[in-house]
Amino acid sequence: LEGLWFAPSGLAKEARGPGRLDGMYLPAWTFDARTRTDYAGQRGDVYYETQWVEQVVDGKRVRQAVQVPRVRWTPVAGSVARDFDDVLVPAGAAVPVHLVQRLEPWDLQAVKPYAADYLSGFASELYALPLEYGQAQARSAMQDVIALDVRRDIGGDQQSIARMEVEYRDQTFKHVLLPVWVATFRFLGRSYRTVVNARTGEVAGERPWSAWKIAGAVLLVLLLVLGLLGQGEAAGWLDQARTLPRG
């Protein structure tokens, strides 16, 4: 907190006040699948044409050759395959999804079968996201990766995807509990959370911003820009003065 930009003065001191660091388990779904995707689209290859344009150089109008980019599109079709392992979808409501995602990557290869002893002394949240919704989110994430595979397979300088037909095979899922440490502090009447990946130590959190410091930074940038513009105008007037006849 002490190293944050545009943080309110006294934030770190307030955060050191009375508070607790609690351990808890957050629910999530993980999905595995083997995929094969048939696609159709177009490959764009950039080439250049020479065009002649009129420009003013040293007060004279001259014709100059310029290279203008063009794209040649070619229809393409093909297929790609990719296996997905442990596509993670947070399923809880106690901690915002964006904070859980910022704690990635999780050491999912080290997951262990459930045992009640692991939860002794810690809170554990029940999943709030149903399995079918979790699967839909996982498939959406998979399709984003597949689209990148398709673009690489198409090649060229630009790619246009008209159709992707994804076949999912050997689909499996797991319900996992992710271990985190959670701390909460209050500042100016509002609560802010900090979460720590209890496996890797990765930290994510919410923070307040200082409107005064942000406004001061914006004002400083504007003053610098105006100063540079003023220097440019002064240099222009000086150049014009040097060209005036003396006497």
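User: What makes Leu 219, Val 221, Leu 223, Val 225, Leu 226 and Leu 229 a nonpolar surface patch?

Analyst: Keep in mind that this is a predicted model. Patch residues need over 30% relative accessible area and no salt bridge, and nonpolar side chains are joined within 5 Å. Leu 219, Val 221, Leu 223, Val 225, Leu 226 and Leu 229 make such a patch, of about 580 Å². As for where that puts you, Leu 219 sits in helix H4, residues 211-243.

User: How do you know which peptide bond is cis, and where is Pro 105 found?

Analyst: Look at omega: the bond joining Glu 104 and Pro 105 has an omega of about 5 degrees, and it is a cis peptide bond. Pro 105 is in the loop between helix H2 (97-102) and strand E3 (123-124).

User: What lines the largest pocket, by class?

Analyst: The lining has 19 nonpolar, two polar and four charged residues. Tyr and Pro are counted as nonpolar in that tally, and Lys as charged. That helps in reading the residues nearest the centre of the pocket, which are Tyr 25, Val 111, Lys 112, Leu 177 and Pro 179, out of 25 lining residues. The pocket's volume is about 680 Å³.

User: Which strand gives the largest share of that lining?

Analyst: E4 does, with eight residues. Strand E1 (21-57) and strand E4 (158-187) each supply at least two residues of the lining.

User: How many helices and strands does the protein chain have, and what pattern do they follow?

Analyst: There are four helices and six strands. Read along the sequence, the pattern goes α-β-β-α-β-α-β-β-β-α.

User: What share of the protein chain is buried?

Analyst: Using the cut-off of under 20% relative accessible area, buried residues make up 26% of the 247 residues. Asp 86, at 12%, counts as buried.

Notes. Residues are numbered from 1 along each chain as its sequence is written. This is a predicted model: local features need pLDDT of at least 70, side-chain atom pairs count only at pLDDT 80 or more; totals for chains, interfaces and linings use all residues. Side-chain values use heavy atoms; hydrogens and water are left out. Patches are made of residues with over 30% relative accessible area and no salt bridge: like charges are joined within 9 Å, nonpolar side chains (Val, Leu, Ile, Met, Phe, Trp, Tyr) within 5 Å. Accessible areas come from the Shrake-Rupley method with a 1.4 Å probe; for residues, only the protein chains shown count as cover. A salt bridge is a side-chain nitrogen of Lys or Arg within 4 Å of a carboxyl oxygen of Asp or Glu. On a 1 Å grid over the protein atoms alone, a cavity is a set of points where a 1.4 Å probe fits but cannot get out, and a pocket is an open set with protein on both sides within 12 Å along at least five of seven lines; lining residues have an atom within 4 Å of a point. Grid points are joined across faces, edges and corners, and a volume is the space filled by probe spheres set on the points. Buried means under 20% relative accessible area, exposed over 50%, partly exposed in between (1.4 Å probe, protein chains only).
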